[in-house]
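Have the viewer open and follow along.

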Amino acid sequence: ASVLVITIMSRGVGFITNYFLAKILTTDSYGLYTFALTWSGLLLIPAALGLDRLLIRNISSYKTNGEWGLLRGLLHFTTIVSTIIALILIPIVLVILQQSNIYDDITLITVLIGLMMVPFNAITMIRESALQGLKKITWGVLPNLLLKPILFLIFFLLLALISTISISPILVILTRFGAVFLTFMLAFLLLRRALPIDVSKAVPRYEIRSWMITATPMFLVTLMNYINARSGILILGSFSNNSDIALLNVALLLTSLVKIVMSAFLMPLAPTISSLFAEGKLNVIEKVSIKSTLTAFVIALPIGVILVVFGRDILNIFGTQYQSAYIALVILIVDAFVNIIFGPVGTILMMTGYERNTMIGNMFGAVTTIGGSLLLIPVYGMLGVAIAMLLSTIVWNVSLLIFVISKLKINPTLINVSKVL
């Protein structure tokens with residue numbers, strides 16, 4: 001319950017922060033900040049390398065079995081690997097962007113500061129995952145989910161109050177860096193307090209091959225999900241101006257109000273699906289999934305209708321210039337409802353041992369997002385991103401549904417709603 005409350009509060013703080021960013025910054029500055037943050041988020045995934053998810057599972061097992069050497073070795077290994085990967089990727093990405101001759105110096109500096117946050121964010125994720133593995137669930141979500149967004153909001157509002165000139169995206173990303181660093185320090189202190197004394201006394205042991213075999217599919221699934229969700233912004237930044245990125249980001253922000261409902265009802269299904277699968281109750285998995293999907297759809301529907309009917313007025317709250325994002329908003333809302341209608345197909349595959357199939361479906365979606373964006377953005381601008389995301393959602397959901405039906409012989413989508421009525 002506490003994690004759910006923290007998640008809701010985090011979403012609320014994030015929404016408020018983006019509102020102030022859109023109101024106070026120019027659309028060009030807000031778009032550039034979003035562009036830099038998206039690059040930072042992308043590099044965070046290979047820096048973490050799926051090891052954050054591995055930590056949650058393995059540390060819990062190591063603690064139960066008293067394997068303190070493996071626990072200490074895994075913490076050392078993940079911290080060192082994540083730091084090295086981040087430090088290697090930062091100059092590579094920066095050189096690629098510089099050599100493209102597309103971006104000016106302000107853009108490159110802003111992106112560089114965003115990339116410098118990656119090692120700190122990666123190690124914070126590792127420490128949070130370790131805390132969750134040690135059953136300190138609230139501690140394991142508090143730094144990134146709540147503390148960081150609250151600190152950033154406070155720092156930005158203070159910057160806006162004392163600034164006598166327009167705020168540059170460089171200053172904004174620096175305030176973000178400050179919040180990231182303080183979050184990094186808190187996660188360090190929390191993990192230090194939570195670790196059993198036996199860990200510090202143990203000699204580190206390493207099972208690197210086993211760890212990497214397990215972590216790689218998790219990394220690829222996370223990467224494909226991020227590409228599906230955010231790669232359009234990076235491609236848009238190459239073909240269009242920063243203002244279009246700002247407009248698209250506000251449309252995505254409003255669409256998240258629909259997606260929150262799906263997350264709230266479908267994500268908690270994971271442990272239930274895992275338990276039911278262990279008992280061989282596939283029909284129950286199907287019915288539980290359909291019921292949860294139907295509930296999510298019914299609750300999300302009025303939110304979606306309000307956003308479509310009053311979308312222009314809602315966008316106007318952020319500034320009159322954001323009204324031009326209305327059509328993109330409508331397309332993205334359709335995208336969100338398509339995702340809801342298909343139900344938790346990805347979660348079902350992940351919880352029943354078909355991670356590889358989940359990865360393949362997500363890869364199909366990622367290719368569609370990138371290919372669609374490259375083809376459509378030069379013609380339709382930010383609308384091209386929205387259309388590509390919709391096509392991607394259809395492709396990867398259909399792929400995952402085919403896998404679910406062929407492997408498990410169940411249909412958890414709303415098309416099969418008659419099963420629970």
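Where is V95 found? I looked it up, and V95 is in helix 4 (residues 68–99). Helices here are DSSP runs of H or I with at least four residues, numbered from the N terminus.

Before going on, I noted the ground rules. This is a predicted model, in which local features need pLDDT of at least 70 and side-chain atom pairs count only at pLDDT 80 or more, while totals for chains, interfaces and linings use all residues. Residues are numbered from 1 along each chain as its sequence is written, and side-chain values use heavy atoms, with hydrogens and water left out.

**Entry: V95**
I checked its accessibility next. V95 counts as partly exposed, because its relative accessibility is 43%; buried means under 20% relative accessible area, exposed over 50%, and partly exposed in between, with a 1.4 Å probe and protein chains only.

**Entry: the core**
I asked which residues have the most contacts inside the largest nonpolar core. They are Y30, W39 and Y322, in a core of 123 residues. Such a core is a set of buried Ala, Val, Leu, Ile, Met, Phe, Trp, Tyr and Cys residues joined through side-chain atoms within 4.5 Å. I then clicked on W39: leaving out residues up to four places away in sequence, W39 touches V93, L97, V111, L115 and L234. Contact here means heavy atoms within 4.5 Å.

**Entry: T255**
T255 is found in helix 11 (residues 242–266). With a relative accessible area of 2%, T255 is buried. Beyond its neighbours within four places in sequence, T255 is in contact with L329, L332, I333 and A336.

**Entry: aromatic rings**
I counted ring pairs and got 14 aromatic pairs. The rule takes rings of Phe, Tyr and Trp (its six-membered ring) with centres within 6.5 Å; planes under 30 degrees apart are stacked, over 60 edge-to-face, and the rest tilted. Y33 and F152 are stacked, because their ring centres are 5.9 Å apart and their planes are at 15 degrees. Y33 lies in helix 2 (residues 27–48) and F152 in helix 7 (residues 137–162), so this pair ties together parts that are 119 residues apart in sequence.

Are these two buried or exposed? Y33 counts as buried at 3% relative accessibility, and F152 counts as buried at 1%. F152 also forms an aromatic pair with F156, this one tilted, at 6.4 Å centre to centre and 35 degrees between the planes. F152 and F156 are four residues apart in helix 7, so about one helical turn separates them. F156 is buried too, at 0% relative accessibility. I also jotted down one aromatic cluster, formed by F15, Y19, F20, F318 and Y322.

**Entry: charges over rings**
I found the charged end of R127 over the ring of F184, 4.6 Å from its centre. The charged end of K136 sits over the ring of W139, 5.4 Å from its centre. The test asks for NZ of Lys or CZ of Arg within 6 Å of the ring centre and within 35 degrees of the ring normal.

**Entry: helix 6 and what follows**
Helix 6 (residues 118–133) has 16 residues, and 13 of them are buried. From first C-alpha to last, helix 6 reaches 22 Å, close to the expected 22 Å; the expected span is 1.5 Å times one less than the number of residues. Just after helix 6, K135 has a positive phi of about 75 degrees, although K135 is not a glycine. Its place is in the loop between helix 6 and helix 7, and K135 is exposed, with a relative accessible area of 58%.

**Entry: L49**
L49 has a positive phi as well, near 60 degrees, and is a residue other than glycine. L49 sits in the loop between helix 2 and helix 3 (51–65).

**Entry: helix 14**
Which residues of helix 14 (residues 311–318) are buried? They are G311, I314, L315 and F318. Seen down the axis, they fall within an arc of 100 degrees, so they line one face of helix 14; the arc is that of the directions from the helix axis to the C-beta atoms. Just after helix 14, G319 takes a positive phi of about 145 degrees.

Conventions:
Helices (H or I, at least four residues) and strands (E, at least two) are DSSP runs, numbered from the N terminus.
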